[in-house]
Amino acid sequence: MNDSRDGTAGGGDIFHPPVVVRPPTHGAKPYRRVEIYGRTVGKAFTAEDVAEFVRRAGVADPDLDDPDLVGWRGGGRTVWSAEPAAPEPHAPEAPAPAE
């Protein structure tokens with residue numbers, strides 16, 4: 001069987017990284033659920049928490065930016081709140097000059 005990661009070989013299987021970090025929860029102290037090989041291993045409040053779960057699973061120096069290792073769902077490793085980002089403030093339009 002060909003180990004294609006694009007889902008085109010091996011009967012159309014879609015590649016899933018061994019570590020999946022779910023979207024942030026809502027609430028006063030949001031967290032992200034971490035799964036390793038489909039099993040929930042805990043709640044992460046920071047990227048360092050994710051790294052610790054991966055280390056406990058046997059990866060001495062995990063690269064959290066490696067998509068073959070970690071799949072971030074609902075935002076990358078810097079997203080820890082389920083709240084939508086505030087819109088960028090913009091300067092009010094200047095009034096047209098009087099003629």
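Contact means heavy atoms within 4.5 Å.

**View 1. Confidence across the predicted model.** The structure shown is a predicted model. The protein chain has an average pLDDT of 83, and 71% of the residues score at least 70. Over residues 1-12, pLDDT stays under 50, and the model has 10 contacts beyond four places in sequence for this segment.

**View 2. Buried residues of helix H1 and their cover.** Helix H1 spans residues 47-56, and its buried residues are Ala-47, Val-50, Ala-51, Phe-53 and Val-54. These residues lie on the same side of H1, because they cover an arc of only 160° around the axis. Among the elements that cover them are strands S1 (19-21), S2 (32-36), S3 (39-44) and S4 (70-72). Just after H1, Gly-58 adopts a positive phi of about 115°.

**View 3. The salt bridge between Glu-35 and Arg-22.** The two side chains meet at 3.1 Å, N to O. This pair links distant parts of the chain, with Glu-35 in strand S2 and Arg-22 in the loop between S1 and S2, 13 residues apart. Glu-35 counts as buried at 11% relative accessibility, whereas Arg-22, at 28%, counts as partly exposed.

**View 4. Salt bridges of Arg-55.** The side chain of Arg-55 meets that of Glu-48 in a salt bridge of 2.4 Å, N to O, and that of Glu-52 in a salt bridge of 3.2 Å, N to O. Glu-52 and Arg-55 both belong to helix H1 and are three residues apart, about one turn of the helix. Salt bridges with shared partners join Glu-48, Glu-52, Arg-55 and Arg-56 into one network. Relative accessible area is 31% for Arg-55 and 30% for Glu-52, and both residues are partly exposed. Glu-48 is likewise partly exposed, at 48% relative accessibility.

Note on methods:
Residues are numbered from 1 along each chain as its sequence is written. This is a predicted model: local features need pLDDT of at least 70, side-chain atom pairs count only at pLDDT 80 or more; totals for chains, interfaces and linings use all residues. Side-chain values use heavy atoms; hydrogens and water are left out. pLDDT is the predictor's confidence in each residue, from 0 to 100. Buried means under 20% relative accessible area, exposed over 50%, partly exposed in between (1.4 Å probe, protein chains only). Helices (H or I, at least four residues) and strands (E, at least two) are DSSP runs, numbered from the N terminus. The arc is that of the directions from the helix axis to the C-beta atoms. A salt bridge is a side-chain nitrogen of Lys or Arg within 4 Å of a carboxyl oxygen of Asp or Glu.
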